[in-house]
Amino acid sequence: MSINYTNNFAWDTPSVLPNYPDIASQARALRYANTRAGLDNELFGMYMNDDFIAKADAWKQRHGGKAKYREMVPGDDFDLADDGSALYYADWDVVGIMFRNWKPSQSHNVSVQGTSGKTSYFLSFGYNHEEGVMAFNPDDMKKYNATVNITNDLTDWLQIGGRFSYSDKKYTEPNTMRDTYTYLWRWGSFFGPYGTYQGVDMRNDIAYRKQAGDDTTQDSYTRLGAFLKATVVKGLTLNADFTYNI
């Protein structure tokens, strides 16, 4: 009898991800597109005018780069009007905030094989676990599988055997009721906004993912099989197989 164990631990990172230019460039591009289409130069009440572009340029001069996930500062990252409306002009690091630098995965497999008299056997058990690329409430996938094969030589002309295989996969993701990847690239890096105000996340994909319930998909598969192999006469072999799937 021999026993083998193998494993693999991996950390994946994307080679290339899209990203946004600075806010002023985004605003000018949106303004050109709206002008060409004959539309108002606004985005949900925020007008991409010279005043907005000036605020975005001033923010860039003060901070020098994109903002990480942090508490937002009124008057520095956004302006809050008396009626509750806001003008957001901070440039958030969407890629750095929303995506993990490395996503982990692991796999394990144990197999046992050998013979006992006229019986040979093989057993294998496996486990795989992989997490998603999002930094907040990432997807999760677990998979289990098992295989058993047994063969017995009843006589020198008759062989019988049985096979069993089982697989179970469970995939869990946050049920945000919208696609995170679509909304990340839809409005601009200022629109999230991807910070907190008074310790509370804004209405963005961070909040959606944090507060979402789990959406779980589970698939199980079982296969049972038996076979018979009979050497009737020299040069003539009879094979019979039966398989049942659950």
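Trainee: Where does Gln198 lie?

Mentor: Gln198 is in the loop between strand S10 (196-197) and strand S11 (200-201); strands are DSSP runs of E with at least two residues, helices runs of H or I with at least four, numbered from the N terminus. This is a predicted model, where local features need pLDDT of at least 70, side-chain atom pairs count only at pLDDT 80 or more, and totals for chains, interfaces and linings use all residues. Residues are numbered from 1 along each chain as its sequence is written, and side-chain values use heavy atoms, leaving out hydrogens and water.

Trainee: Why does Gln198 count as exposed?

Mentor: Exposed means over 50% relative accessible area, buried under 20%, and partly exposed in between (1.4 Å probe, protein chains only). Gln198 has 62% relative accessibility, so Gln198 counts as exposed.

Trainee: What is the phi of Gln198?

Mentor: Phi of Gln198 is near 55 degrees, a positive value in a residue other than glycine. Most residues other than glycine have a negative phi.

Trainee: Which loop holds Met177, and what makes Met177 exposed?

Mentor: Met177 sits in the loop between strand S9 (158-174) and helix H4 (180-184). Its relative accessible area is 73%, so Met177 is exposed. Met177 is not a glycine, yet has a positive phi of about 65 degrees.

Trainee: Why are strand S1 (2-12) and strand S13 (236-245) called edge strands?

Mentor: The open sheet has seven strands in the order S1-S6-S7-S8-S9-S12-S13, with antiparallel pairing. Two strands pair if DSSP finds at least two bridges between them. S1 and S13 each pair on one side only, so they are the edge strands.
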